[in-house]
Amino acid sequence: METLIVDSRVAAFDPYVVETVRNAEALFIAGGDQANYVRYWKGTPLEDAIHFVAAKPAPIGGTSAGMAILGEFSYSAMTPDSLTSATALADPYAPDVTLERDFLALPGLKGLLTDQHLQERDRIGRTVALLARLLHDGWTTEARAIAADRETSVHIDPVTRTAEVFATADHPTPYAHFMSANRAPERCEPGQPLTFSPIEVYRLAPGGRFDLAAWQGEGGLAYELSVESGVLRSSRGSSAQSRGGALIPRRARPSMRPRSRTTSSRRCAGWRTSWRLPSVRCCWLRTPRCSPHSAGNAMSRRAMSAGKATNRCSAG
């Protein structure tokens, strides 16, 4: 495994960096500050190299900020303060609401926005506001998002576009939320609180599946969210307002699927990464502002064709 710290646009043009990434059999993008990824990597040979790896196909994953940039659309975090649900719902055009597109274009993630640390940092409201902006600004007619909690990963087969969720066994909220809306917000104006409905949500835990092509799941929980004058409500009850809309029922948590006996684990810059094949050339990409030893959430694409490595990347 090789770690590359690409902390400038000059570095993103470096032939050694580009060649190392192109030769990778698996690629993982660390957490930190996604604004730096956009500033330093967009429109560079490094971005082209990431697309080259995706086309092999080879597994590509990212955690926290690394997950934020995997979708076609992303919250780019271009201001000093991280966007909160309260700010985004009160004013969907506040300075902290920064969106990016035309960066990475990975198979299976077209038309998607990703968000992270959902329950831990109460971010489902901001995800809703970002979806409203995508529709109102005309970036898409079908706004969709995948939002995951900490210590939780979403794994997407780039061929079948089927998603599965894996999580730390004892984590209390091991969920990913698949969110969609196709109706323009009733009010989405600068300086005004958001009014927007309906937002369909499918909450998936380990053991369930979600078909991204059909946008429907099995083994999960479906409900709706709405926003009226900046107040987020859920079809599951009014207490959604204080829990970011993602209500967690008090019941036994689903257990993790057992790992294959042929799987070996290794520590990869603070994250536990398991591979079905014993030796994989793994490249870890990051910028200096990175906290690889903190628990977060992750997303990965995995190659499914015969003879190719299949990865399972999860926070550790």
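A nonpolar core is a set of buried Ala, Val, Leu, Ile, Met, Phe, Trp, Tyr and Cys residues joined through side-chain atoms within 4.5 Å. In the predicted model described here, the largest such core has 47 residues. Those with the most contacts inside this core are Val6, Val21, Trp41, Leu46, Ile50, Phe178 and Leu285. Helix α4, residues 45–54, supplies the largest share, five residues. Another core, of 33 residues, lies apart from the largest one and includes Tyr75, Leu134, Leu135 and Cys188. In soluble globular proteins, nonpolar side chains tend to be buried together.

Helix α4 also packs with helix α2, residues 15–22: the two axes come within 8 Å and cross at roughly 10°. Angles under 35 degrees count as roughly parallel, and α2 and α4 are therefore roughly parallel to each other. On the α2 side, the contact is made by Val17, Val18, Val21 and Arg22, and on the α4 side by Pro45, Leu46, Ala49, Ile50, Phe52 and Val53. Of the residues in this contact, nine are nonpolar, none is polar and one is charged. Val21 of α2 and Leu46 and Ile50 of α4 belong to this contact and are also among the residues with the most contacts inside the largest core.

Helix α7 comprises 13 residues, 124–136. Twelve of the 13 residues of α7 are buried, among them Arg126, Arg133, Leu134 and Leu135. Leu134 and Leu135 also belong to the core of 33 residues. After α7 comes Gly138, which has a positive phi, near 80°.

Technical notes:
Residues numbered from 1 in each chain as written. Predicted model: local features only at pLDDT ≥ 70, side-chain atom pairs only at ≥ 80, totals over all residues. Heavy atoms only, no water. Helix = DSSP H or I, 4+ residues; strand = E, 2+ residues; numbered from the N terminus. Expected span 1.5 Å × (residues − 1). Buried < 20%, exposed > 50% of the residue type's maximum accessible area, 1.4 Å probe, protein only. Axes fitted to C-alpha atoms, helices over the stretch in contact; angles between N-to-C directions. Parallel < 35°, antiparallel > 145°, perpendicular 65-115°, else oblique. Contact = heavy atoms within 4.5 Å. Nonpolar A, V, L, I, M, F, W, Y, C, P; charged D, E, K, R; others polar.
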